Amino acid sequence: RNIAGAYAVGHDFAHPLISPLCGDVAGLPPILLQTGTREILLADCRAFYHKCREAGVDIRYEEYPGMFHVFAIMNFLPEAQKAQQSQIRFLAGS
């Protein structure tokens, strides 16, 4: 709660700009959602994926075993390199 409070800075945790899971996802553009199985927000990532699918949003979901929050920016990790390649393909439309 302390970390969430520092992030939200006095705003309602249920506001969609604080927690996209609480917002209306209909009409969102294509999404690539990458997460690790050790991500602190893993349950939220999975729930957001399912919410988007139910709303008809074009969403690609990738889970990386053993990976943690922001792993994809750590270029020295093979999983990060794989995630980055997937990001490139996604942005290229393939």
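1. Setting aside neighbours within four places in sequence, Ser86 is in contact with Leu32, Gln34, Arg60, Glu62 and Tyr64 (contact being heavy atoms within 4.5 Å). Ser86 is also buried, at a relative accessible area of 1% (buried is under 20%, exposed over 50%, partly exposed in between, with a 1.4 Å probe and protein chains only).

2. A word on the basis: this is a predicted model, where local features need pLDDT of at least 70 and side-chain atom pairs count only at pLDDT 80 or more, while totals for chains, interfaces and linings use all residues. Numbering runs from 1 along each chain as its sequence is written, and side-chain values use heavy atoms, with hydrogens and water left out.

3. Ser86 sits in helix α3, residues 78–92 (helices are DSSP runs of H or I, at least four residues, strands of E, at least two, numbered from the N terminus). Buried in α3 are Ala80, Ala83 and Ser86. Seen down the axis, the buried residues fall within an arc of 120°, so they line one face of the helix (the arc is that of the directions from the helix axis to the C-beta atoms). The cover over them includes β1 (31–36) and β2 (59–64).

4. On the face of α3 turned away from the buried side, you'll find the exposed residues Pro78, Lys82, Ile88 and Ala92. Just after the helix, Gly93 takes a positive phi of about 85°.

5. Cysteines, then: a search of the whole structure turns up zero disulfides (a disulfide is a pair of cysteine sulfur atoms within 2.5 Å). For Cys22, the nearest cysteine sulfur is that of Cys52, 13 Å away. Cys45 is buried at 14% relative accessibility.
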